[in-house]
Amino acid sequence: MDSLLLNNIEKVLFENEPFRISEESIKGIDDCYKFLKDFSSEKVIYGINTGFGPMAQWHVDDKYLTDLQYNIIRSHATGAGEPLDDIYVKAAMIARLGTIMQCRSGIHVDVALLLKEFINKGIYPFIPQHGSVGASGDLVQLAHIALTLIGEGKVHYNGEWHPTAEIMKKFDLTPLKIYIREGLSITNGTSVMTGISIVNQHFAEILLELSVIASVWMNEIASSFDDLMSEPLNECRRHNGQQVIARQMRDFAKGSKCLIQREHELYNNGHKEEKVFEHKVQPYYSLRCTPQILGPIYETLVNSRRILQEEVCSACDNPIVDPVTKNVYHGGNFHGDYISLEEDKVKIAMVRIAMTAERQLNYLFHDRINGILPPFLNLGTLGLNYGMQACGFTATSTTAECQTLAMPNYVHSIPNNNDNQDIVSMGTNTALLCKRVIDNCFQVMAIHYIALAQATDCLEIANKLSPATRAQYDAIRNLVPKFIEDTPFYDDIANVEKYLREYKKLMAL
């Protein structure tokens, strides 16, 4: 199913390519539906002729089976808080289609076709951020999607909120009809947490690459010895992530005239008589140890990408309808532990990126530490002008908030649903907290990139940068010219943040 490959999902999300469902998938969905239609006759099957959750012990009379499916949709549309942004809603709908396309849900093909229309036409259901405990999946948030599929609730279209029925009429779309178990199947599973996490993954990978570039640029500004990223040094520590980051740093550093070679400077006996070396023999850890710091982050993102790819290609509702073995299986594929644990890891990794950027900023701002730059990169009159002094407050406070948010959420299970859900994943909360850390990290990184460009001008070394870092310098200077007089920075930070979010990754995980 090529349409469910994460690289292709990213094209749908960020390049507005249409989402496609193959004829093979359509046939598989239809075959599964027909099997369940025949199989379910005269049998007790959860969510078809029983109540839901702890009320599964109650049999539902045949004359109410359609009402049963509508009832779970309407009764569970209880979310609260701010709505998810369109990009996360779009990703959640794609993740829901991913489950349906496994052909194990026993629902009518109309569900898949209508979801595809919503995705491709830019129709985004109202999904509040709060409501999911992440077991039975995202019942509340998915119910808000289901509510719009049956023509109720409201949707975001062209930046405005509209009654769903109005937009469906505009596109000549027919509200979904209930056939067997469409209500339960749409609302049951990990699709919202997975959708949010797919978007998080995209931005986390961008932040990692920006951090690698920033670290090369930092070492150029400091005229560091280049052996910190050397192959012999990093290969003798056996972690693949460290070796990958060091290799990326070498690639980004190619052509630099700022980095120096230890064998030329310190191994040729030219400094043997010096008592105190003017140039630092080894830089600070935030410069020197970036392969060791960013390597574990790389490996974390490699693993989270694998988990997300597996999840979006999984059947995550309950029960599982299997036309191959001719059976219906009851279990817990809706449980969100895989996503919750990975998003906690990604969140912690992104906090580390923010911390690294903040410490590198401290190096740039602190003249007594770097020994080569004016305080706070101030090119004006010291005492009268303040350079980027207050930008440091923003970076530090934002990083501090990230550190507070780093507390794992995966361990915060609270029994609920009359103890039917006695251990839950809180996966959607975890994904949302990860999103918040990523948003914060972009703000810190935006300040860092402005500072890197200003430091480059302080030293007048733009023409000595590597092509990779020079390209970033030029891009930042196109948005934020060199500054001498004091000026408000908030628009500059916002504009650079937007640029960084739209950065096109050069390195694939």
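A residue is buried when its relative accessible area is under 20%. Asp322 has 11% relative accessibility, so Asp322 counts as buried. This is a predicted model.

Asp322 pairs with Arg104 through their side chains, in a salt bridge of 3.5 Å, N to O. Asp322 sits in strand E6 (residues 320-322), and Arg104 in the loop between helix H4 (86-100) and helix H5 (109-121), so the bridge ties together parts that are 218 residues apart in sequence. Arg104 is partly exposed, at 24% relative accessibility.

## A buried charged pair

Asp317 and Arg181 also form a salt bridge. Their closest N and O atoms are 3.6 Å apart. Asp317 belongs to the loop between helix H14 (290-312) and E6, while Arg181 belongs to the loop between helix H7 (164-170) and helix H8 (182-187), so this pair ties together parts 136 residues apart in sequence.

How accessible is Arg181? Arg181 is at 0% relative accessibility and counts as buried. Asp317 is buried too, with a relative accessible area of 0%.

Lys27 and Asp31 join side chains in a salt bridge of 2.8 Å, N to O. Both residues lie in helix H2 (residues 23-39). They are 4 residues apart, about one turn of the helix. Lys27 counts as exposed, at 53% relative accessibility. Asp31 is partly exposed, at 33%.

Salt bridges also link Glu10, Glu205, Arg305 and Lys505 in a network. Across the whole structure, the search finds 22 salt bridges.

## Aromatic pairs

The structure holds 10 aromatic pairs. One of them joins Phe126 and Trp161: the ring centres are 5.5 Å apart and the planes meet at 80°, so the pair is edge-to-face. Phe126 is in the loop between strand E2 (124-125) and strand E3 (128-130), and Trp161 is in strand E5 (residues 160-163). The pair links distant parts of the chain, 35 residues apart. Trp161 is partly exposed, at 36% relative accessibility.

Phe483 and Phe489 form another edge-to-face pair, 5.0 Å centre to centre with 80° between the planes. Both Phe483 and Phe489 are buried. Phe14, Phe203 and Phe442 form one aromatic cluster.

## A lysine over two rings

Which ring does the charged end of Lys154 sit over, 4.5 Å from its centre? The ring is that of Phe126. Lys154 also lies over the face of Trp161, at 5.3 Å from the ring centre.

Conventions
Residues are numbered from 1 along each chain as its sequence is written. This is a predicted model: local features need pLDDT of at least 70, side-chain atom pairs count only at pLDDT 80 or more; totals for chains, interfaces and linings use all residues. Side-chain values use heavy atoms; hydrogens and water are left out. A salt bridge is a side-chain nitrogen of Lys or Arg within 4 Å of a carboxyl oxygen of Asp or Glu. Helices (H or I, at least four residues) and strands (E, at least two) are DSSP runs, numbered from the N terminus. Buried means under 20% relative accessible area, exposed over 50%, partly exposed in between (1.4 Å probe, protein chains only). Rings of Phe, Tyr and Trp (its six-membered ring) pair if their centres lie within 6.5 Å; planes under 30 degrees apart count as stacked, over 60 as edge-to-face and the rest as tilted. A charge sits over a ring if NZ of Lys or CZ of Arg is within 6 Å of the ring centre and within 35 degrees of the ring normal.
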